[in-house]
Amino acid sequence: MKGYRKYFANKLLWFLVTLVAAFILNFTLPRLMPGDPVAGIVARLAQGMTNTSGIQAIYQQYADLFGTNKPLVAQFFIYMKNVIHGDFGFSFSQYPRTVADVLKSAIWWTICLQFPAIIVGWIIGNTLGALAAYLKKGFDKVLMPVSIFVSNFPFFGMAVIMLVIFGVWLKWFPTSSGYGFDLIPNFSFKFIWSVFIHYQLPFWSLVLIAIGGQAIGMRSMSIYELNADYVKYSRFLGIKDWKIIGYVFRNAMLPQITGLALSIGTMVGGALIAEIVFSYPGLGVTLLHGVMGQDYPLISASTLIITLMVLSANFIIEILYGIIDPRIKAAQAD
Amino acid sequence: MKNTLQQVFHSGKFLVGFCIFVGLLLFVFIYPLLIKGPPLQIISQGTFFPPGTYVNVYDSLSSPSYILNLDDAAAKRIASKLNEDDRSAMKDWLVAFGIPDSQIDTSDTKSLIDLWTANFDPKLQLEGYTNAKRNYYVRLNKNLAGLLSTEGAIIAVKNNDTGILEETNTVAQTDYVNVNEVANVRVLPLGTDNFGRDVLTELVKATVVSLKLGIIAGIIATVIGLALGLLAGYIGGRVDDVIMFFTNLVLVIPQIVLLILISFSIGQEKRGVTTIAIVIGLTSWVWTAKAVRSQVISLRNRDHVNLSKLSGHSIVHIITNDILPYIASYVVMAMILQISAAILAEANLSLLGLGPRTTDVPTLGLMMNWAMIYQAHVLGKWWAYMPVLLVIAMITFSMNLMNTGLDHVFNPALRD
């Protein structure tokens, strides 16, 4: 138990350190650029505005919010205090709404889309990869080239192709948005069905991309394990084939879990872009709106939340990994 | 060296990837020699012209005409104006008008049109038809006018003095022009895009720019990764701790987040292709650094390195002579992957609207971005985005294949 505690404490510490680092980056990067950030923001925002007192008010509000008239360290603590209270300021492009309000709904769309898709893709990909390693021949010959090609496709490319085939040509699924444009979110059957229908295309295109990369990794891990000495020994002992396969796949699975932890950042990044293709009302589209509207607070808050999501997912995977792989405990107990 | 190259080119995967890549490069370099013209010139008035050969109508009138007697010409002419859907729509209208179903034969064009012209009245409001539907029938009716006539068309020029049209030429239905003799013919193999620019010319330029961007970013990432990896791995100790801490930090923060923050901070005016390439390079070195470090650590205590140390060689000498040659193949492979990843990263950034801001050169990501903004995918204008996707996929696919091939040559343990 001591080993686990040390492992978890270690991982938790690392999680906090990376979070703080990400936070600092989020704070400093825009401020590294020459010039007054607030003046820059206001200048961009005020591009179509003629009302000088309005511009002045906006300037004052952001100068207060970011505290740009104070020293950098003081600014950092003001920013931190605001963020901890969930106060990201007002959104420029959707003015009366606060950034927190804009993001509140987007976060859930993104989480509900991406995490199931990545997990389902990971499971299907690993199963297919393991099957390819075990069955070999025809199955392997077909699956591998397809997987390699699919995994080389950019996320948004797969999204566009799925959209064109199933949304535009076959008209099986709607092509954009998270629910019917004529509906108001509520708990009626009609609304839930509409959400479900709109969910399919983004979901399956993310799954498809995830499958390719995972299947390739799992196949080579499984081939490696299938040739290991313990497999041959078990065969000599006469242990049933399915039981050996159970051992093999459990061992091959472990590096795949670490692989998932390492690739989750890339996957989330790609999936955000895929959301844009489907105009899915998640963080990707929010980011796009932020960029289009030169909405600095919205972008900064979105990136912070994306980082937080990825770091948390990483943390959870590593904790699970620690529980699954007993060697971790042993290594920490030394 | 020669031996290694021979081995590399014997690897099937490498060869396939190499051929795809070289084919792409050749096309991209030869095409501008054949078809000149600025890649972003707006040539069409209107958006998304479908791919095809565009023949100047005015010039073809004055080109020498030839008479060809082709049997299926009339049938083709009718089919192009009146397809199956139109025929059944006409039948629907006639049935709704009150003609018995049995009298209408949609396959007999002549009787169908006779029946139509005898009964159709554009002003008549049939019950149950929407305005759009009614307008469709009016358009159809116009299209049908003169469809079955065997007369030619008369070309007339307006006399400026009298204002009277004077017949200059008659075009019979059996007249043909040879496309080679028409003065102005433009082939648009991939049509035009949302701004009215030739997609293929643009795509070729975009591929060059994107490859350049990928190579700059790949070199930057490899150099930084190599330097940090060598330092951390060879010197070890505190330096290693600090570098590894930093590397692990950058590793877990998603690259897209860094890219978004930096590109947005740079501001629109200053975001050129080179800037974006540098930004991508600066954010993607971590994998190389980590891998180089672990390789160097395993090399550090080999006998030949120790011997070199005992002989009093400097660190620089040891690194360049005793360590680099052993990791060179690995670094090259990593760089190939970096290049393809950088091209993808640029595409991702551009789709977010944070790509290079250029008015004179396109990139693959920007072309994709334009097509998406103008809803080419929903409108079914495949030529605006499919070729771009295909080129991106071909670049990454060929580079990955080359990488896998190299991996098989240099890591014999992986061969199966």
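Biologist: How are α8(B) and α14(B) set relative to each other?
Modeller: They are oblique to each other. This is a predicted model, so read it as such. The general idea comes next. Two packed helices are described by the angle between their axes and the distance between the axes. Here, helix α8 of chain B spans residues 199-235. It packs on α14(B) at an angle of about 140 degrees, with the axes 7 Å apart. Angles over 145 degrees would count as roughly antiparallel.

Biologist: Is the crossing of α8(B) and α14(B) left-handed or right-handed?
Modeller: α8(B) and α14(B) cross in a right-handed sense. On the α8(B) side, the contact includes B:Gly214, B:Ala217, B:Gly218 and B:Ala221. On the α14(B) side, B:Ala334, B:Met335, B:Gln338 and B:Ala342 are among the residues. By class, the contact of α8(B) with α14(B) has 15 nonpolar, six polar and one charged residues.

Biologist: At what angle does α14(B) cross α17(B)?
Modeller: Roughly 165 degrees. Helix α14 covers residues 315-351 of chain B, and helix α17 covers residues 386-410 of chain B. Their axes come within 10 Å. α14(B) and α17(B) are therefore roughly antiparallel to each other. α14(B) passes α17(B) in a left-handed crossing.

Biologist: Which residues make that contact of α14(B) and α17(B)?
Modeller: From α14(B), take B:Met333, B:Ile336, B:Leu337 and B:Leu344, among others. From α17(B), the list includes B:Ile392, B:Ile395, B:Met399 and B:Phe410. The contact of α14(B) with α17(B) divides into 13 nonpolar, five polar and one charged residues.

Biologist: How many residues does each chain put into the contact between chain B and chain A?
Modeller: Chain B gives 31 residues and chain A gives 40 residues. Next, ask which elements carry the chain B side. α9 (237-252), α10 (255-266), α14, α16 (376-379) and α17 of chain B each supply at least two residues. α10(B) gives the most, with eight residues. The side of chain B that touches chain A has 22 nonpolar, eight polar and one charged residues.

Biologist: Which residues have the most contacts inside the largest nonpolar core?
Modeller: A:Ala159 and B:Ile260 do, in a core of 149 residues. Look at the partners of B:Ile260. Beyond residues up to four places away in sequence, B:Ile260 touches A:Leu287, A:Ile299 and A:Thr303, along with B:Leu352 and B:Leu354. Another core, of six residues, lies apart from the largest one and includes B:Trp93, B:Leu94, B:Tyr137 and B:Leu144.

Biologist: What is the secondary structure of chain A?
Modeller: Chain A has 13 helices and zero strands. From the N terminus on, its elements run α-α-α-α-α-α-α-α-α-α-α-α-α. Buried residues make up 39% of the 334 residues in chain A.

Biologist: What share of the contacts in chain A joins residues 24 or more positions apart?
Modeller: In chain A, 71% of the contacts with a separation of 6 or more join such residues.

Terms used: Residues numbered from 1 in each chain as written. Chains lettered and ligands numbered in written order. Predicted model: local features only at pLDDT ≥ 70, side-chain atom pairs only at ≥ 80, totals over all residues. Axes fitted to C-alpha atoms, helices over the stretch in contact; angles between N-to-C directions. Helix = DSSP H or I, 4+ residues; strand = E, 2+ residues; numbered from the N terminus. Parallel < 35°, antiparallel > 145°, perpendicular 65-115°, else oblique. Left-handed = near helix turned anticlockwise from the far one by under 90°. Contact = placed C-beta atoms within 7 Å. Nonpolar A, V, L, I, M, F, W, Y, C, P; charged D, E, K, R; others polar. Buried ≥ 20, exposed ≤ 12 C-beta atoms within 10 Å, placed from the backbone. Core = buried A, V, L, I, M, F, W, Y, C linked by C-beta atoms within 7 Å.
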